[in-house]
Amino acid sequence: MLENYSSDLPISDEKDDRFQRYNFAKRIASTIIERDNSDCIVIGIYGVWGEGKTSVINFIASELKKNEHLITIKFNPWRYQDEISLLIQFFETLAHALDAKIKTKGEAIGSFVKKYGKVLSFTGFGESIESAGAAFAEVDIDELKKRIEKILVDNKSKIVIFIDDIDRLDKSEIHSVFRLVKLTADFKNTTYILSFDDKMVSSAIGERFGEGNQNAGQNFLEKIIQVPLHIPKAQKNALNQFCLEIVENILNTNQIKLTEEDAKRYTNEFTGNILPRLETPRLAVRYGNSLTFSLPLLLGEVNLVDLLLIEAIKTFYPEYYNFIKSNPEYFIESYGQSFGSGKDNEKITSIKEQFNNLAKTLTKNSQKRNIQNLLEELFPLFNEVYYNHVFNDKDYVNWFKNKRIVSSKYFERYFTYSVIKGDISDITFDSFIRSIKDLTVDEIIKNVEILVKEGSPDSFIQKLRSIEMDFDWDSSKKIAQAIAKASNLFPKGSNAFFYGIGISYREAATFIYQVLKKHKNIDERLELAKNLMTTAQPFRFAYELNSWFRIGETPQQRTFSDTQYAELATLLIERIISETGNNPFYETIDEVNVIQYLIGAWYEVNKNAFEEYFKNLFTKSPNRITGFLNSITPTGFGGAKGGAFKSDFTKEIYHWITTRIDKRLINDAIHKTFSEEEVNSENVLWIDMGQSEQSDLNLVRQFQHWLKMDTEPSNQ
């Protein structure tokens, strides 16, 4: 809400003085009050933007108002777009102040304004103040000054005129203000207090004088300002405490309580690498306003400490922030070579060059080390530039799980202040996870559907996998059954290198495998696995789960015993036979490895039923033989024509299938489907990386080729 933002308004009350400037201001006020000399004097209050110049002016004004013989005027030159307006409004302001304070007629002074202003508008600074002053000899300047001075003397009054923020004007406006002060309104009994950044102003006006540089501008300022005073530098401890209190108040407003670990991490990084860059109260206020905006938007969606630190970089190291935002590849991608081992030296050289260029924006050498420390903390991969760090998959998972800015899935959130399209809100996701124990499997499925639609299958399953070890067994069973029954939400891909399985599809199966495997009770583990073999939809996902359950070479690595694996295989086989009905099961499956597994497993767990099935099939429907040979022949990829192609029925396949199905049964089915003339009309063709296209008849010829080799006496 807007009321939670700090407007960066200057203060005026002594009790609000955090940086011990009131005594400084009080001394200036006392000097003005006690001064006997009636000549006009100009005091300069110097300081950089945000250092507190306006607050010091307010303190001075507060002290001066205690004296009834002083007239204080605050004149704002920002309000006037041209010099005529500036001069007219200045004298009208002066006349109004005199009239209000000492009960005289403002018109006596105001009547000179137009005449006076017109002449001023045509006169510019020359090479010296004296020559510029000569241009006013023909106007009634002396009369005007005498009238004002007489009013002041008669009433025993002094005028103090404040003009603030001169450094925010453009060059011509700065000249107009100085001309007003020095040549036009230098009345007796008058004190001007001008506040500005002297370096900035001297650079702006320097081009008109002498050598045209900052030194020339500084020399000119010395002719205008009789008493140059630099604002007292805020004590570092007070400034740091001011900033930390702002942060604490914002955290409290948003009801945020840092954990002990987070508090330590933030404090170490902020005090060590950010606070050395804190030079003005305004920077602290800007940082606070930045957090006031970002925290409510991203609370629960990102890593809190990372957000506090990246917002600090935005305020205190803006050039680095913009570079990070525009060049994520340097911060969320490895500096290792894409292929093979070793470092990507070209990338490392590039970031070092960029880092050196950015360092030119810093005012102290130590700040380069500070920002590097911050980057190494926020973006651990950045450590690979300067050290021999190597990060593994576990590190990436932890970064994702903890919503770190270094994670490619979270990086953009820190800069867009929103959950980007295709991602899932962590607040929504966390709420779903907490609700699992109170939901039925069907209710969980409905929630999963909503989350996947809101984001994407990949983003949902990645979040789920990041917390797979955190589920208790009851929640594990529910979520596993829900994902298995709703596996169609996680689409399969078509990339051969991933065995025809999409990333989210494979990761969904991996998640279920992991939550099942971590459970120590073998009987409960087997019960869930059996349930999944019969309920997972579609059948292909049940097979995928079965494949994961079979991972491991030793008993310690494996999820189940041989007997238990046989039970799962039996359920899988019974299911596919039931679902396909009168049609051969292999005709409903388009993946050779799945068909080969089912054939091999069925032969092992129930040889009699297996043999009876194929005997009945090929006896009643011998023409199914070509579809069968096709189903167990591997598919190749790439080749001469590109894409997928059906490869050869090899000797290895022949021996594998004929050890399970009687070769005579297969051969009889072939002869019932094709005549001798059809089979022998052409020689067998061997597919060479897809140079030729495979055909049903050629597959038969390839089988016959191996059968002949197998039955000839010379090959016995």
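Trainee: Hi! Where is D472 found?

Mentor: D472 sits in the loop between α24 (457-466) and α25 (473-485); helices here are DSSP runs of H or I, at least four residues, numbered from the N terminus. This is a predicted model, where local features need pLDDT of at least 70, side-chain atom pairs count only at pLDDT 80 or more, and totals for chains, interfaces and linings use all residues. Residues are numbered from 1 along each chain as its sequence is written, and side-chain values use heavy atoms, with hydrogens and water left out.

Trainee: Which residue does R540 meet in a salt bridge?

Mentor: R540 meets E591, with 2.6 Å from N to O. R540 lies in helix α28 (residues 539-549) and E591 in the loop between α29 (562-580) and α30 (592-605), so the pair ties together parts that are 51 residues apart in sequence. R540 is buried at 10%, and E591 is buried at 11%.

Trainee: And what about K314, which residue is its partner?

Mentor: K314 pairs with E311, their closest N and O atoms being 3.0 Å apart. The two are 3 residues apart in helix α14 (residues 304-316), so about one helical turn separates them. K314 is partly exposed at 26%, whereas E311 is buried at 0%.

Technical notes. Salt bridge = Lys/Arg side-chain N within 4 Å of Asp/Glu carboxyl O. Buried < 20%, exposed > 50% of the residue type's maximum accessible area, 1.4 Å probe, protein only.
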